Amino acid sequence: MNTPEPVDGETRALVTDLHSRYGAYFDYGHLDAWVALFTEDGRLEFPLSEEERMVVTGRQELLAFGEQAAQIPGGSRLVSAHFTGLTLMSRVAPDRLVTFTPVAMVGGDRTRATAPGLDAVGAYIDDIVLVDGVWLFRSRVADLYGHGRLPDELVR
């Protein structure tokens with residue numbers, strides 16, 4: 001096993017803020033700000049089914065995905081909330097981190113009086129890079145919790 005390089009407190013705080021902004025910006029429909037959290041060629045990947053995965057690459061595609069994801073057939077707006085757990089982090093280069101974050105997603109229709117329900121319990125595995133002094137997602141891969149494996153960079 002390897003020994004992950006520790007992440008200093010300031011970097012940990014900045015990356016935690018990046019993760020928090022991801023959920024808040026997406027959930028509240030601030031899609032331009034959400035897209036800006038990714039590198040120009042940033043990538044988002046998540047499962048559609050056991051066999052099929054969605055891969056969205058680049059800021060233009062991410063923006064189009066965000067706009068489409070917020071809509072429910074019939075014209076109403078999706079309400080969603082990202083609830084993240086504690087993040088494992090490892091510095092793999094001076095300007096690059098690998099992270100693992102558990103997430104629970106709840107969602108529903110804003111036009112209904114019922115409370116949103118649990119959509120999924122999953123995890124994000126992120127490749128995060130420092131660009132002009134700002135930490136950004138180069139890649140965010142979502143999966144159901146317990147599927148796949150932890151990146152070797154995070155296991156002691």
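Patches are made of residues with over 30% relative accessible area and no salt bridge, with like charges joined within 9 Å and nonpolar side chains (Val, Leu, Ile, Met, Phe, Trp, Tyr) within 5 Å. One nonpolar surface patch here is made by Leu 88, Leu 150 and Val 155 and covers about 200 Å². Accessible areas come from the Shrake-Rupley method with a 1.4 Å probe, and for residues only the protein chains shown count as cover. A salt bridge is a side-chain nitrogen of Lys or Arg within 4 Å of a carboxyl oxygen of Asp or Glu.

Some ground rules come next. This is a predicted model, in which local features need pLDDT of at least 70 and side-chain atom pairs count only at pLDDT 80 or more, while totals for chains, interfaces and linings use all residues. Residues are numbered from 1 along each chain as its sequence is written, and side-chain values use heavy atoms, with hydrogens and water left out.

Now take the chain as a whole. It has three helices and seven strands. Helices (H or I, at least four residues) and strands (E, at least two) are DSSP runs, numbered from the N terminus. Along the sequence the pattern reads α-α-β-β-α-β-β-β-β-β. Of the chain's 156 residues, 39% count as buried. Buried means under 20% relative accessible area, exposed means over 50%, and partly exposed lies in between (1.4 Å probe, protein chains only). The chain exposes about 9000 Å², and carbon and sulfur atoms supply 55% of that area. Contact means heavy atoms within 4.5 Å. Among contacts with a separation of 6 or more, 55% are between residues 24 or more positions apart.

Leu 150 sits in the segment after strand E7 (134-144). Leu 150 is partly exposed, because its relative accessible area is 32%.

In soluble globular proteins, nonpolar side chains tend to be buried together. A nonpolar core is a set of buried Ala, Val, Leu, Ile, Met, Phe, Trp, Tyr and Cys residues joined through side-chain atoms within 4.5 Å. The largest such core in this chain has 25 residues, and Tyr 22, Trp 34 and Leu 44 have the most contacts inside it. At least two residues of this core come from each of helix H1 (9-27), helix H2 (31-35), strand E1 (38-47), helix H3 (59-69), E5, strand E6 (117-131) and E7. H1 gives the largest share, five residues. Which residues does Tyr 22 contact, leaving aside its neighbours within four places in sequence? They are Trp 34, Leu 37, Phe 38, Leu 44, His 82, Tyr 124, Phe 137 and Arg 140.

A polar pair comes next. Thr 101 is found in strand E5 (residues 96-109). Thr 101 is buried, because its relative accessible area is 1%. Its side chain makes a polar contact with the side chain of Thr 87, at 2.8 Å. A polar contact is a pair of N or O atoms within 3.5 Å; within protein, one must be able to donate a hydrogen and the other to accept it, and residues adjacent in sequence count only if both atoms are side-chain atoms. Apart from neighbours within four places in sequence, the contacts of Thr 101 include His 19, Gly 122 and Tyr 124.

Turn to charge. Side chains of opposite charge can pair when their charged atoms come close. The whole structure holds 10 salt bridges. One of them joins Arg 59 and Glu 40, with the closest N and O atoms 2.6 Å apart. This pair links distant parts of the chain, with Arg 59 in helix H3 and Glu 40 in strand E1, 19 residues apart. Arg 59 is partly exposed at 22% relative accessible area, and Glu 40 is exposed at 58%.

Asp 127 and Arg 138 also meet in a salt bridge (3.0 Å, N to O). Asp 127 lies in strand E6 and Arg 138 in strand E7, so the pair ties together parts that are 11 residues apart in sequence. Asp 127 is buried at 15% relative accessible area, whereas Arg 138 is partly exposed at 34%. Salt bridges that share partners also join Arg 43, Glu 45, Arg 53 and Asp 143 into one network.

End at a loop. Most residues other than glycine have a negative phi, and most peptide bonds are trans. Asp 132 is not a glycine, yet it has a positive phi of about 50 degrees. Asp 132 is in the loop between E6 and E7. Asp 132 counts as exposed, because its relative accessibility is 79%.
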